[in-house]
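Good morning, and thank you for joining this presentation.

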Number of protein chains: 2
Amino acid sequence: MDRKQDASQDLLSEVKILIENNKILELRELLEEYHIIDIFDIMEHLEEDMKIKLFEVLPLDMAASILEESDAEFFSTILSKIDIDHRRNILELMSLDDMADILSQLHEDEREEIMELLSQEDADDVKELLIYEEESTGGIMTTGYIEINKDMTAKQAIKHMRENAQDAETIYYIYVVDNDERLVGVLSLRELITARDASIVEDLMSENIISVYVDEDREEAVRLVSKYNLIAIPVIDRQQKLKGIITVDDIIDVMEEEASEDMYKFAGTSEQEREFVEKVNPTPKDQIFSSVRARIPWLAITLIGGLISSLILSNLDFVMNPTYRSLVFFIPVVIGMGGNIGTQSSVLTVMALSNKDLEFSNVIREGIVGFITGIICSILVGIATYIFIQDINIVLIVSISLFINMILGAMIGAFMPVLFKKLDVDPSIISAPVIATALDITGIAIYIFITTILLSKIV
Amino acid sequence: MDRKQDASQDLLSEVKILIENNKILELRELLEEYHIIDIFDIMEHLEEDMKIKLFEVLPLDMAASILEESDAEFFSTILSKIDIDHRRNILELMSLDDMADILSQLHEDEREEIMELLSQEDADDVKELLIYEEESTGGIMTTGYIEINKDMTAKQAIKHMRENAQDAETIYYIYVVDNDERLVGVLSLRELITARDASIVEDLMSENIISVYVDEDREEAVRLVSKYNLIAIPVIDRQQKLKGIITVDDIIDVMEEEASEDMYKFAGTSEQEREFVEKVNPTPKDQIFSSVRARIPWLAITLIGGLISSLILSNLDFVMNPTYRSLVFFIPVVIGMGGNIGTQSSVLTVMALSNKDLEFSNVIREGIVGFITGIICSILVGIATYIFIQDINIVLIVSISLFINMILGAMIGAFMPVLFKKLDVDPSIISAPVIATALDITGIAIYIFITTILLSKIV
């Protein structure tokens with residue numbers, strides 16, 4: 001990390017000096033040595049006029065790649081400042097899926113303005129890409145693939161591939177369609193270049209195609225690319241017609257998004273909050289209000305849960321009894337431990353559910369784990385309690401409550417995700433604050449129940 | 001998901017019938033139509049003797065691919081049952097990084113036995129791969145790459161590539177070395193096949209190489225492949241000598257592992273527990289004991305924290321005062337809400353830290369979020385409290401405690417990860433149970449402090 005950041009720092013100061021001294025040729029030569037991503041990184045740290053000067057110096061293909069990486073704001077600022085022919089030439093080289101993603105975030109009139117600069121064919125493709133939902137496979141696919149007819153020879157196919165390689169996101173898989181544009185096979189570049197010139201594509205291709213439908217959840221594409229170790233996956237409609245492909249770099253982007261999404265969900269906050277925190281220069285005010293908006297719903301739910309706990313506690317008789325007043329002191333440890341083991345059980349269950357179907361038997365398994373850890377913890381707490389207060393009745397009440405609470409905490413933590421899954425609700429919606437609050441309520445109820453029973457036997 | 005599982009079900013029953021009727025040729029033809037991963041899936045559901053029969057029917061390259069997917073147990077069971085020449089031929093086709101991963105899990109004598117079947121060259125490569133730690137880039141790299149000398153012509157390079165394509169994990173990047181085996185450039189297959197025959201590799205190659213060192217954390221490889229959209233990344237030693245490559249499919253595997261690892265860590269459990277739960281047929285006893293072992297350390301830490309809360313609570317004077325006895329009832333809501341906002345803040349901070357360097361200023365930002373959400377929640381709680389108990393003093397004590405607790409909860413939740421990062425400790429070690437317990441302690445301390453101050457003013 002340090003190594004790379006140092007390199008960017010050096011590049012940034014070098015670029016600034018060259019722009020200030022108007023050394024255009026040297027600047028272009030310098031930039032050509034660097035990866036597009038590094039150039040994009042330093043552009044984000046330049047003042048607007050320097051940013052535009054640098055962008056104008058870039059060769060067309062690099063300029064297009066820079067725009068592919070950019071967000072809507074960067075994209076429209078840059079494009080509005082350069083002349084219209086240059087604009088048209090750069091747009092022509094942009095990957096259409098990235099362009100569609102950016103255009104979907106622009107105002108409609110701005111979007112129309114850009115669309116008018118595109119060729120008819122590109123404009124049609126972009127229009128189609130704009131239709132699909134962001135979370136669907138259609139929302140992340142690109143139309144930059146190489147498609148050949150099943151009746152071509154290997155030689156024709158190679159010629160076709162070479163002619164179309166420029167616009168393709170990957171040339172490592174070539175997709176084979178029949179005369180109705182239906183996907184019938186796939187051929188790797190490896191297979192194609194090692195084939196004899198006269199071979200017919202239909203005989204070379206593999207008919208065992210792993211594909212996704214254009215309206216499926218994008219996570220299905222992630223699952224298949226990951227399972228079958230693919231570099232790209234074709235996207236088809238329900239008539240088997242080839243609509244696009246999803247390349248592995250976009251799969252990786254989705255995986256990163258989904259992994260952080262899960263963590264945010266678990267913490268009881270949301271995607272919007274994340275976007276603001278990860279953005280480079282949001283205003284602090286925007287950041288804070290987006291955080292408040294994202295968190296308030298979860299906090300409100302848990303607030304109600306907390307008040308229910310308070311209400312249960314207010315029915316507590318033992319506080320009235322001065323001999324057993326000290327039972328109050330053990331509320332945090334008894335309810336806290338149920339919450340902790342419940343959190344462990346629920347995460348374990350949510351993660352296991354994403355890999356295979358778990359049955360309610362898992363709840364029993366977790367109950368046994370709660371039983372064993374409960375015995376260990378309640379013995380330790382019993383000893384600690386005896387040191388605090390030499391009253392065997394209190395030791396018994398605290399230890400037994402903790403023990404039962406840990407068994408139930410583990411079982412409830414495991415039960416909730418399985419139940420959600422059975423009800424066809426995403427189990428990862430269960431967040432840590434919700435589990436904690438639910439287990440506070442049951443924990444207090446159990447503590448009062450055990451106390452009442454045991455005290456009635458003793459007194 | 002259903003679609004694919006159905007396909008496997010059909011394949012499984014078809015395979016069983018063919019094996020039972022000893023229809024070897026039909027079986028082989030059927031299997032050749034399926035993807036290796038699907039065949040591996042159904043093998044896991046076959047009895048051992050059927051599994052071996054099926055394996056013997058497979059063409060050598062498919063058999064090798066099946067073993068690449070397998071774990072140590074599957075690998076050694078299968079290999080022990082087939083004759084030695086067949087064994088040698090399959091091993092020769094296996095990818096060396098997968099073989100090294102499996103061999104590292106076998107007993108030493110079993111490993112030696114397998115190594116003796118390998119060619120000298122392969123055995124040396126495997127020995128070297130076995131040295132690297134699992135979490136390092138060396139632990140996931142493969143030696144199956146294509147390497148050419150910088151002085152070759154494009155024609156020589158293509159010839160060399162074709163001859164070595166069989167053993168390569170990817171032929172889409174070709175790595176260029178100098179006479180001392182130092183990595184000096186990289187060439188994509190795309191660039192190579194579009195170059196003129198007489199061109200010299202050194203003039204074609206890109207010198208701007210993104211690489212990792214063999215002893216770096218494997219997450220650095222994930223970061224770079226993801227950032228620069230690579231299909232493979234070369235691994236070099238500190239003398240710049242090329243040691244291996246990591247392909248994007250292995251990067252995806254690491255990403256999946258790390259994403260779940262983070263969730264397990266956050267829940268306060270571990271990798272070992274996960275392995276048992278995700279394994280197909282562990283004994284329930286093993287599962288349960290591995291769960292107990294993984295969770296007890298976290299539960300013990302939080303148990304001590306819970307007892308500290310109890311100890312603080314035992315210094316509580318207001319329980320003695322019958323007028324303010326009802327303050328006890330609000331303990332769950334006051335401390336619970338501090339814990340909830342603290343969990344939100346800590347996850348947000350941990351996730352943000354993985355993307356950029358956060359300063360302590362983030363703690364202030366979270367404090368402001370706590371301030372605003374605190375105002376909202378304490379007004380709501382104040383109203384609820386007034387409905388329960390018409391005592392304005394209690395309403396004030398509960399609302400002010402909740403308010404301060406939420407500000408401090410947010411700030412402590414954000415502070416802990418930043419502090420850990422500054423101390424060079426992985427911030428994701430901060431788990432939900434630990435945060436919950438830490439905030440229980442501060443929450444109770446604050447509640448008592450506020451109560452004592454306000455009661456002394458009132459009384």
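This is a predicted model: local features need pLDDT of at least 70, side-chain atom pairs count only at pLDDT 80 or more; totals for chains, interfaces and linings use all residues.

Let us begin with the interface. The size of an interface is often given as the accessible area lost when the parts come together. Here, chain A and chain B bury about 10300 Å² between them, and carbon and sulfur atoms account for 69% of that area. Which three residues supply more of the area that chain B buries against chain A than any other three? They are B:Arg190, B:Met263 and B:Gln344, and they supply 7% of it.

I turn now to the polar side of this interface. Between chain B and chain A, 17 residue pairs are in polar contact, counting pairs with both residues at pLDDT 80 or more. As for salt bridges, the rule finds four across the interface. One salt bridge joins the side chains of A:Asp41 and B:Lys227, with a distance of 2.9 Å from N to O.

My second topic is the aromatic rings. Over all chains, a search of the whole structure finds eight aromatic pairs. Consider A:Phe371 and A:Phe403: their ring centres are 5.4 Å apart and their planes stand at 65°, so this pair is edge-to-face. This pair links distant parts of the chain, for A:Phe371 belongs to helix H20 of chain A (residues 361–388) and A:Phe403 to helix H21 of chain A (residues 392–422), 32 residues apart. A:Phe371 has a relative accessible area of 40% and is partly exposed.

In chain B, the rings of B:Tyr173 and B:Tyr175 have centres 6.5 Å apart and planes at 65°, so they too form an edge-to-face pair. Are these two tyrosines buried or exposed? B:Tyr173 counts as buried at 16% relative accessibility, and B:Tyr175 counts as buried at 1%.

Finally, in chain A, ring pairs join A:Tyr145, A:Tyr173 and A:Tyr175 into a cluster. Thank you for your attention.

Note on methods:
Residues are numbered from 1 along each chain as its sequence is written. Chains are lettered from A and ligands numbered from 1 in the order in which they are written. Side-chain values use heavy atoms; hydrogens and water are left out. Buried area is the accessible area (1.4 Å probe) that two parts lose on being put together, summed over both. A polar contact is a pair of N or O atoms within 3.5 Å; within protein, one must be able to donate a hydrogen and the other to accept it, and residues adjacent in sequence count only if both atoms are side-chain atoms. Rings of Phe, Tyr and Trp (its six-membered ring) pair if their centres lie within 6.5 Å; planes under 30 degrees apart count as stacked, over 60 as edge-to-face and the rest as tilted. Helices (H or I, at least four residues) and strands (E, at least two) are DSSP runs, numbered from the N terminus. Buried means under 20% relative accessible area, exposed over 50%, partly exposed in between (1.4 Å probe, protein chains only).
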